[in-house]
Amino acid sequence: MSEIESKYSPNQIESKWYQFWMDHKFFHSEPNDKKPYTIVIPPPNVTGVLHMGHMLNNTIQDVLIRRARMLGFNACWVPGTDHASIATEAKVVDKLKEEGINKHEIGREKFLEHAWEWTHKHGGIILEQLKKLGCSCDWDRTKFTLDKDLYTSVIKSFVDLYRRGYIYKGNKMINWDPEAQTNISDEEVIYKEQNGKLYYLKYKVVDEDRFITVATTRPETIFGDSALCINPNDERYTFLKGKKVVVPIVNREVPVIEDAYVDIEFGTGALKVTPAHDVNDYQLGLKHNLEVIDIFEKNATLNDKGLHYQGKDRFIVRKEVVKELKEKNLLEKEEDHLNKIGTSERTGAVIEPRLSIQWFMKMGDFSKSALDVVLKDELKLYPEKFKTTYKNWLENVHDWNISRQLWWGHRIPAFFYGTDEDDFVVAETLEEALILAQQKNPNIKAENLIQEEDVLDTWFSSWLWPISVFNGINEPQNKEINYYYPTQDLVTGPDIIFFWVARMVMAGYAFRNEKPFFNVYFTGIVRDKQRRKMSKQLGNSPDPIDLIQQYGADGVRVGVLLSSSAGNDLMFDEDLCLQGRNFANKIWNSYRLVKSWEIASDKVLPIENKEAITWLKNKISKTIDQTNLDYKKYKISEALMSLYKLVWDDYCSWYLEIIKPPFGEKIDEESYNETLSILEDLLKLLHPYMPFITEEIWQNMKNRDINESLIISTYPENIPYDDNLIAKFEKSKEIVTAVRNFRSGKGISHKEAFELYIGSEESIDNLESIKKLANLSTIYCNKNTDLPAYKFLIDKTEFSIPFAETINIEDEKKKLQEEINYYQGFLKGVMAKLSNEKFMNGAPEKVIEIERKKQADALQKIEILNKQLQSL
């Protein structure tokens, strides 16, 4: 225990207590006889830095894990980072370009050396930043998706699924990212509306002096045209059946085919078919046995099939082709057209549909289990609205394209030994692959085996995360996986509900036949006051570390949560961090006030102090009850707001004012000890939200052993409380507020004591507290005064304060008459509605009830004001 500083300095205190918690291993967990409470962090990109979304997500996780620790659970929060194939490889490639180095020239091994060097230099920054936020992760368990054991887990799971018939190699239309030069899954394609053009191209009919016009948004793909398609029911094109047309510029003759797929209403009703560069065209091509002509290189420049446009970018070619078509009178017209363009989530590049041999995983069997567990509420999603989104995706799930044309990541464990498409084996190691290959051909040697160049989709490692962090793939029955799995809560964003959440559930059933967690809490998107999503590009996202330095971690945690509710977007305003800092200062100063009091051991507990102590203990218990309910429903922000009001309003503004000893006097020992006991409970309740300031005050209150630290103290229980007693004290607060408002309105000092008359037989509780807070010399119960008085009404009980001689009676009479006139005018309007037959017959009963209450309240107010006027 030490002297408390006059001013709260968060930066110094935060680093002190975080190191203290780390030194004493309070975050670390090992399997024991306690019930586990486990969270696995959504692993951020290894090269990432903390942004506002991370701030929100990880604050919520820390609140949950700290509370669980105090509730007696063996709390384990596993941190870690994701290798982020596309994002990290792109950064390394860019760095090498700046140095004049080409990735393919230096080869895979050398490139990976550069990638690891980059990762070691830039990776893990975000984890250090999470420590600044106060995150109580078990840092001894920190994982990286390319760690040796996690790498082995991914390879082992791939081999297992391949042997079970779920993974296969196939030639399909995929989404190609020309910038990253890899394919991406359907879920990684972001569709954006874009103003474009619809071009009307003229195809000459072979052996006829006539043209057929075809509308397209992509004239540059004419080099890959294999056919022209019409709807067999379109009478306009009966003459085309069985004919051929000439592709403009290319001068290649292609057949006219018929298919009901063609929309008669769109464009001209005729469709150019380019099987290599459109998903639907590819299906038409398969159906009608058309030639597949690939016109693009991997970087989306045209290849030799593009004739004189070879080597040029697709979008440049579009402009130049349109120009050439105009010159050759082969462009009928062009129109403005709103397109939905598929773009890469990672690079923003426009996606190019591309026919490619890739690795795929069948999802159907696992998706059924993953859907059933959510529909049966055995795995709950919060808010529940996301259940529909989850259901829609799983009911329409496609085979997962799991290969990526990258080097940074988990290399696919397929080994080729021949020239045929099926000349490969899948194995965990080269040695095992050789044994399998020799079973097919005994002459094969190790040097004949060539491993697949491609790596796996990043999500193929992330979907194993809740299992692999406990080594549950490599050792399915190890002590840790059996103890910590399934985990309790997952906190994440709804934008990765498909990429990650649903797939983790599927992995749970694929490898352990059970769900990976019990609850998923979806946070909202962090937006600015103008409702714009916070991003570096817009420059509207503050640096969380700057916020922490300015407002303290506790202040920022409170600020970010005050503006958030489950599943709804967070309208972040930096002023909320200021509010959080002010709250921390309020708590600090209230403790300094208590500590400044001297104790009189011979002083008896005053009645008003007993009233206040009884009330606040009941109010705390009720708040615990309410916040426990909020936690169950994952209303983390609502729980914080309840605690905020409890501390700021009830404890600081009311309770301390009642028990505070008069200036120059000492406080009785019982009140002091009860206050410290109450403060301890409040610190426990606040600790998950504000860990630093609460630990600082807790440790300052008295000398404590290490095992008595707040972080591992017992969370307060919700003991029975008297709701009626709480309600009565609320009425007492209303009485005090009314008296204070009277003083303020009349400019009367708080030092001047009043008399208060209560004109009701109903008993009023907490009289001594009311007297002290309102500075009343005497309270007369069930008694009216004949003196000129100010009157007010609370719950039909009339209260009167006799006017002092200093008050101008004539001014008061004038004010009262003005108030009476106002209410009479208001009443007139209400009566007009209630006497209107049309309103009474047409308005809902609830609306009519509201108007009748307005009438009764106005009449009562007028009666009180008239009495006041008469008394003057």
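**Notes on helix packing and aromatic pairs**

1. The axes of helix α21 (residues 669–686) and helix α22 (residues 691–701) approach to within 9 Å and cross at roughly 150°, the axes being lines fitted to C-alpha atoms over the stretch in contact, with angles from 0 to 180 degrees between N-to-C directions. Helices here are DSSP runs of H or I with at least four residues, and strands are runs of E with at least two, numbered from the N terminus. The two helices α21 and α22 are therefore roughly antiparallel (over 145 degrees).

2. On the α21 side the contact (heavy atoms within 4.5 Å) is made by L676, L679, E680, L683, K684 and L686, and on the α22 side by T694, I697, W698 and M701.

3. This is a predicted model, in which local features need pLDDT of at least 70, side-chain atom pairs count only at pLDDT 80 or more, and totals for chains, interfaces and linings use all residues. Residues are numbered from 1 along each chain as its sequence is written, and side-chain values use heavy atoms, with hydrogens and water left out.

4. The structure holds 42 aromatic pairs, meaning rings of Phe, Tyr and Trp (its six-membered ring) with centres within 6.5 Å, called stacked under 30 degrees between planes, edge-to-face over 60 and tilted for the rest. W116 and F144 form an edge-to-face pair, at 5.9 Å centre to centre and 85° between the planes. Since W116 lies in helix α4 (residues 103–122) and F144 in strand β4 (residues 143–144), the pair ties together parts 28 residues apart in sequence.

5. At 9% relative accessibility F144 counts as buried (under 20%, with exposed over 50% and partly exposed in between, for a 1.4 Å probe and protein chains only), whereas W116, at 29%, counts as partly exposed.

Methods. Parallel < 35°, antiparallel > 145°, perpendicular 65-115°, else oblique.
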